[in-house]
Amino acid sequence: MNTLRNDSASDNDETRAQPGTVDTASDSDRAAVIRNALTDKLRASGMITSPVVERAFRTVPRHLFVAEGTPLEVAYNADDSVAIKRDTDGVIISSTSAPFIQARMIEQAGLGPGMSVLEIGSGGYNAALLAEVVGPHGRVISVDIDPEVTDRARDLLEATGYGGRVTVVQVDAEGRIPGLDQPVDAILVTVGAWDLAPAWLEQLSADGTIVVPLRMNGVTRSIGLRREGGHLVSTSAEVCGFVPMQGSGAHDERVFLLSDQQGRHVKLRFDGDAPQDLSPLDGVLATEGTDLVAERKSWFPFGVVRGDSFAYLSVRPALDGAGVEFGARAYGAHAHAPAAALVEQIQAWDRHARGGGEPTFAYWPTGAARPQFGEHTAVLAKTHGLVTISWPPTADAAAGQGVLETERPSWPVARGSWPAWRSAAASVLSRGENGRKRTQRGMTGRFTR
Ligand SMILES: C[S@@+](CC[C@H](N)C(=O)[O-])C[C@H]1O[C@@H](n2cnc3c(N)ncnc32)[C@H](O)[C@@H]1O
């Protein structure tokens, strides 16, 4: 059996993955065993909570939808997406999403028999799950901007018996979907979005749910939103990662590379609100190397830029072996300034948000009536509206003491000052064995104060 190529594969074989994977009786039996084990795991982890979603996961043969030759153990790994297509630089632009987030998003959508659902971003497998969930009286429309993806999805759905239960349409989903004449009960956006397209809200029924992986300051969360008057309010949220939106709704990040003396690079990515001029940072790593490349991976490589200096959030195991510590690692002639700004954020999180309730996310389309947002609400400007993040007011926790411990790192988000804070994701570019560029992200833990 072939194995999947890794990220540094030098050609695009995955883009030529064809439907029609051979499924012998013994493969099929083994797949059923592994599929049930995956479903048990998703239930145990709370990603599956309803019997209808559980039944769908036990039923749909995921291994027949992923790239041909994918080992069953990879196809049915809860946390693994499987690449379907890469661009000319080898970057994945289409994949079969990881089971954990597929399960979670379908649960977030609150779907049940007889309901209608629009899936934005096709592949076939998730649409088949949706078809199982909404049943024979429901409706599933799955759309993708890429004709190769829609052709492949259509063929796979046909081959696995779901052809008559899913309508696949090739279109840029930023606009209205041709043929979708009635608003749907749910929209599942299965591609990373920076904003909500107005057309999505127009096509969603008044009491419908939209589930969207929304990027906010570099972190993507799958957020379930329902209408409350003229705006939408979150009912659930889950941190995740998705390939980015293409087409007219694509949102480019601004990226700056800082070189160190060993020829390695720290990449600063700005989601929005990038400084006009980053030239003061030129040479900031020239005398000091960075060992970011050797440091632990993190979902949250946030940073701060101040003039000619920058700092990034660092996480390291606590010295006494209990939990982890958060801190700032800073570079530049005035490194104390970004370090202090970052530490202030960590301490604000410790005082106000840590251990408190989960924040509520809301989306305010342009033109919707808005209240005066209070001090417990952060406001992020998007193209077609605003996102707000509100924390429940809690009694302040004990003041930050420099070393923060937690069993699993969770992102310290400070209220109030966050939107004004210029954040950047820091990562290191290194060379893969065959010379192709690979991106690694890492964090370290050296406190600067
Ligand atoms: C993660 S994949 C979808 C996975 C799929 N739902 C599954 O079965 O797991 C994301 C897809 O979104 C598609 N996409 C990107 N931008 C799009 C757009 N503007 N409109 C429609 N589809 C888009 C990509 O072509 C890609 O195939």
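Which strands does helix α5 lie across, and at about what angle does α5 run to β4? Helix α5 (residues 125-134) lies across β3, β4 (139-144) and β5, and runs at about 165° to β4. Helices (H or I, at least four residues) and strands (E, at least two) are DSSP runs, numbered from the N terminus. Angles run from 0 to 180 degrees between N-to-C directions, with axes as lines fitted to C-alpha atoms, for helices over the stretch in contact.

The model is predicted: local features need pLDDT of at least 70, side-chain atom pairs count only at pLDDT 80 or more, and totals for chains, interfaces and linings use all residues. Residues are numbered from 1 along each chain as its sequence is written.

**The sheet**

Ten strands form an open sheet with mixed pairing, in the order β5-β4-β3-β6-β7-β8-β9-β15-β17-β16. Two strands pair if DSSP finds at least two bridges between them. The edges are β5 (166-170) and β16 (377-381); each has a single partner strand, so one side of each is left without a neighbour in the sheet. On average, neighbouring strands of this sheet are turned by 20° against each other, direction ignored.

Strands β3 (residues 116-120) and β6 (residues 184-189) run parallel and are joined by four bridges. Val117 has Ala186 in β6 as its bridge partner.

**Helices on the sheet and against each other**

Helix α4 (residues 99-109) packs on the sheet and touches β3, β6, β7 (204-216), β8 (219-228) and β9 (231-240). Two residues are in contact if their C-beta atoms, placed from the backbone, lie within 7 Å.

| Helix | Strand | Angle |
|---|---|---|
| α4 (residues 99-109) | β8 (219-228) | about 15° |
| α5 (residues 125-134) | β4 (139-144) | about 165° |

Helix α5 also meets helix α2 (residues 51-59): their axes come within 9 Å and cross at roughly 135°. That makes α2 oblique to α5, where angles under 35 degrees count as roughly parallel, over 145 as roughly antiparallel, 65 to 115 as roughly perpendicular and the rest as oblique. On the α2 side, the residues in contact are Val52, Val53, Arg55, Ala56, Phe57 and Thr59; on the α5 side, they are Leu129, Glu132 and Val133.

**The ligand shell**

The ligand is surrounded by 29 residues, the closest being Ser94, Gly121, Gly123, Asn126 and Val191. A residue is near a molecule if its C-beta atom, placed from the backbone, lies within 6 Å of it. At least two residues of the shell come from each of β2 (92-96), β3, α5 and β4. Strand β2 gives the most, with four residues.
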